[in-house]
Amino acid sequence: MEGAALLERLTAGATALGQRSGEIGGAGPERLIWRAATIRDVRPETPSAKTLLLGVPGWRGHLAGQHVDIRLTADDGYQAERSYSIASAPEAGQVELTIERIDDGEVSPYLTLDAMRGDMFELRGPIGGYFTWDARHRQPLLLVGGGSGLVPLMAMLRHHRAVRSRTEARLLLSARTQADILYRDELEALESDEVAVHITLTRGAAPPGWPGWSRRIDRAMLEEVAPAPEEQPSIYVCGPTAFVEEAARLLVELGHEPATIRTERFGPSGG
Ligand SMILES: Cc1cc2nc3c(=O)[nH]c(=O)nc-3n(C[C@H](O)[C@H](O)[C@H](O)COP(=O)(O)OP(=O)(O)OC[C@H]3O[C@@H](n4cnc5c(N)ncnc54)[C@H](O)[C@@H]3O)c2cc1C
């Protein structure tokens, strides 16, 4: 189906859902119940990404790193389901999702271009126990993100800040251009004795005065950023499949135990 026609169906579906939100629910474990989520606010992040602040009645909280499934239903019954990481810290008490638009995608153009305050869709979760970080873990933290793969890592950094954790945390973020860096001001503000933020730009020449790297992540970069393997850091890698596989491979090559490297893949293979 053509993107525009599909968008129209999904846009109509969101309205239809708003009119019948009372019907949502069902049997099964709490976290697998489909709930009605209402968009309370929309925050632009970059030219291609927006954060949706959601109201979800009955939400029981989440761990940093977990995700939700969302389901959009068109008037004719057509449904589209996608996963999105929770960007907010558990302490925030609300669900925020940051969605990066994929131009030829089915769902992300609707969520970033059409969805507005008051719109509703279905959501279930929180989902995932493996790709989560709790500030009670004392090992140094290494976060490696590509593009929107930063989202669950940001939830971890926000959790780190919310509980005033003294655990050493290092972020290596790969973004296409400076304009594509999610949460840029917040990342700058996070830098402290405990938190180090490193950014590499992968597309085109870096802007004059750019203090970070401007190449794809490689072994030398990871070696510089990562704590030594002997420190047994907790490592979280998230982003497009190819990015995640390359970063994890390099980390193992540098001597990190595979068991200490948690990965989450967002995109299709080669994406
Ligand atoms: C656990 C999990 C958490 C996720 N969290 C987030 C998040 O926080 N923010 C976010 O923006 N996305 C996230 N994603 C990705 C998201 O689920 C969708 O895949 C993405 O929004 C694209 O959906 P779409 O319907 O627009 O594109 P589709 O219609 O599914 O795909 C359109 C085209 O884009 C390609 N494509 C699909 N996904 C990607 C991708 N991620 N990168 C590059 N190409 C792609 C497809 O192969 C296809 O060619 C997450 C995925 C998983 C599995």
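Where does the ligand lie relative to domain 1 (3-127) and domain 2 (141-265)? Both domains give residues to the shell around the ligand, so the ligand lies between them. This is a predicted model.

**The ligand shell**

The shell holds 22 residues. Gly-105, Glu-106, Val-107, Ser-108 and Gly-267 come nearest to the ligand. By class, eight residues of the shell are nonpolar, nine are polar and five are charged. Which strand supplies the largest share of the shell? Strand 4 does, with four residues. Strand 4 and strand 5 each contribute at least two residues.

At one end of the order, strand 5 pairs with strand 2 (residues 49-55). Six bridges link these two strands in the antiparallel sense. Leu-52 has Leu-97 of strand 5 as its bridge partner. In a regular strand, side chains alternate between the two faces of the sheet.

**Strands 7 and 8**

Strand 7 (residues 141-146) and strand 8 run parallel and are joined by six bridges. Here Leu-143 has Leu-171 of strand 8 as its bridge partner. Is strand 8 (residues 169-175) largely enclosed or largely open? Six of its seven residues are buried, so strand 8 is largely enclosed by the rest of the structure.

| Strand pair | Sense | Bridges |
|---|---|---|
| Strand 2 and strand 5 | antiparallel | six bridges |
| Strand 7 and strand 8 | parallel | six bridges |

**Pro-229**

Pro-229 sits in the loop between helix 5 (219-225) and strand 10 (234-239). Is Pro-229 buried or partly exposed? Pro-229 has 15 C-beta neighbours inside 10 Å, so it counts as partly exposed.

Which residues does Pro-229 contact, leaving aside its neighbours within four places in sequence? They are Leu-254, Gly-255 and His-256. Val-252 is 23 residues from Pro-229 in sequence. In space, the C-alpha to C-alpha distance between Pro-229 and Val-252 is 9.4 Å.

Technical notes:
Residues numbered from 1 in each chain as written. Predicted model: local features only at pLDDT ≥ 70, side-chain atom pairs only at ≥ 80, totals over all residues. Buried ≥ 20, exposed ≤ 12 C-beta atoms within 10 Å, placed from the backbone. Contact = placed C-beta atoms within 7 Å. Pairing = 2+ DSSP bridges. Near = placed C-beta within 6 Å. Nonpolar A, V, L, I, M, F, W, Y, C, P; charged D, E, K, R; others polar. Domains from an automatic or database assignment.
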